Amino acid sequence: MILKILKHFFKIEKNLIGSAILFSLLYGFLYSFFWLDSLSLKGFALLTWINILFALFLISPDIYAPDLADGSLDFLFSQKLSVLNLFCAKIIFIFLGYFIPILGSAILNGIFFNQDLATIIHVILGPLILAPAIILLIHTGSLLTLNSAASGFLMPILMIPFFIPIFIFGISISIKLQENFPSSPLILGAFGMDIFYGILGIIFSKFLMEEHFR
Amino acid sequence: MMYFLFKNSFWKIFVEKRWIFALFSLGLCLWGLKMVFFDISPDYLQGDLVRILFIHVPFAWLSMLIYAGISVCAFIFLVFKLPLAFQFVHIGAPIGRLFTLLTIITGSIWGKATWGTWWAWDARLTSVLILFFIYLGFEVLKSSLKETQKSQKILSYYILLGTFNLPIIKFSVDWWNTLHQPATISKDVFKHMDPSYFLPLLIMFLAFLSWAFFLLLLKLLKREK
C-alpha cells in the first residue's frame, strides 16, 4: 500500500520536486557569481544549510496541496487508506523526493565551490544525521497549514524557531567531524534532537492528520 | 473553570489573597534593591555594572522556569485532558514572553557596557532569542486558531516542541565557545561568586517569582471575567 501511494506521490508532485532541485542548483549558481569559489568548511556548511532549509521551507505549505486539489487523497481514503500508511508514505516521500535531491544539488554546489571530497562529506553528514528532526518538523508545519484558517507561509514561519537550533547543531557537527572529534556532546545533542522531534513529531502529526482527514 | 477555582479551597485561597503576592513581591523587591545598591560592594572586574545582573539573572531564570512550567502544564493537558492545565499554558506564555524580553533588554544594556556591543550572535544570546520567538510564535498561532479543544491541543504540542530549547540555553555556554560567561550558579557557587552576592540574588529572584505568580492569578481572573 505504501509503495503504491509513494508511486502516486512521485507522479503528481514531480513539478514540485523539479522546482526544489532547480532552486537548489540556482542557489549555488548565484553564489558562484560572488566569487565564493573557495569557501571555508564553515562557509560552505552555512550555504548548504540555508539552501536545504529554505528549499524545504518553500515547499512545506504545498506538501499536501496537490493531493487535496486533485481529490486523490479522498480516492485513497475511499480505498481504506489508513492515516498511518499515509503518514509513512509522506515521510518517505519527503525524504526521497525532496531531501535527497536537495542534498544531491548541495553536493553539486560543493563541486562548484571547489570543495574537496572530505569537506563535502562532512557537510552532508550534518543534514543526514538531523534528517528525522528536519523532515518531521517540515511535515508538522505542512499539517498545521491544513488545520488552520491562516494560509500560505504563516505556519511554516511559526516553525522557524525550532529549525534554528537544528541549523546551528548541523553546522557545528560538520566542524566537529572535520576536527575528528565525533564524541562531542553536540553530536549526542543532535541525536537527542532527532529522538525528541521524531517522537513528538509523530504524535503531533498523528493528531493533526486524524483531525483533518477524519 | 472559575467554578473549579472557587470550589477548590486550595486555589480559592490563592485567588482571593492574590494581593498578598503583590505586596510580598514589592517588599522583597525593595529589600533586594536596597541590598543591591547599598549593601554589596562593586565587583573587582565589572565594578558597579554587576548590579544589573541582580535583575538580569532572575529574569533569565524566570523566562526558562515559566517555559518549563507551561511545558509541564501542556503535557498534563494532553495526557490527562485537564482544562485548568491549558489555562496555565494560555496565561503563562505572555508572562514568560515578558520576562524573556526583559532578559534580552537587561542583557543588552549589560553587554553594551561590558562587551561594547548591544548584541552578539553568541550561542546563549541566540538560544534565548529563539525562546522569545517561540513565545511569540505561540501568540501568533493562538490568534490564528479559533479557540476549541483542537486548537488547545495544537498550542500545547507547539509549546512541547519548544522544550528542547531549554537544555540548549542551559548548556550553550559549555557546548560552544561563547562570549557569555559559563554558569555561575553551580555546585561550587561560592568559587565563582562572592558569598555577599548570593542573598540579594535570591531575594530578587523570589521577588520576581512572586510577581510572576501574582500576574498569573490576575490574568486567570481576567480571563474568566
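Leaving aside neighbours within four places in sequence, A:Pro161 is in contact with B:Ile130, B:Phe133, B:Ile134 and B:Tyr158 (contact means heavy atoms within 4.5 Å). The model is predicted: local features need pLDDT of at least 70, side-chain atom pairs count only at pLDDT 80 or more, and totals for chains, interfaces and linings use all residues. Residues are numbered from 1 along each chain as its sequence is written, chains are lettered from A and ligands numbered from 1 in the order in which they are written, and side-chain values use heavy atoms, with hydrogens and water left out.

A:Pro161 lies in helix H9 of chain A. Helices are DSSP runs (H or I, at least four residues), numbered from the N terminus. A:Pro161 is buried, at a relative accessible area of 7%. Buried means under 20% relative accessible area, exposed over 50%, and partly exposed in between (1.4 Å probe, protein chains only). Between A:Pro161 and A:Ala131 lie 30 residues in sequence and 17 Å in space, C-alpha to C-alpha.

Helix H9 (residues 154-178) of chain A packs against helix H7 (residues 117-129) of chain A. Their axes are 8 Å apart, and the angle is about 140°. Axes are lines fitted to C-alpha atoms, for helices over the stretch in contact, and angles run from 0 to 180 degrees between N-to-C directions. H7(A) and H9(A) are therefore oblique to each other. Angles under 35 degrees count as roughly parallel, over 145 as roughly antiparallel, 65 to 115 as roughly perpendicular, and the rest as oblique. From H7(A), A:Thr119, A:His122, A:Val123, A:Leu125, A:Gly126 and A:Ile129 meet A:Gly170, A:Ile173, A:Ser174, A:Leu177 and A:Gln178 of H9(A).

Helix H6 (residues 83-112) of chain A crosses helix H8 (residues 131-147) of chain A at roughly 115°, and their axes come within 10 Å. H6(A) is thus roughly perpendicular to H8(A). Among the contacting residues are A:Phe87, A:Lys90 and A:Phe99 of H6(A), with A:Ala131, A:Ile134 and A:His139 of H8(A).

Beyond four places in sequence, the contacts of A:Ile166 include A:Trp49, A:Leu130, A:Ile134 and A:Tyr197.

Terms used
Helices (H or I, at least four residues) and strands (E, at least two) are DSSP runs, numbered from the N terminus.
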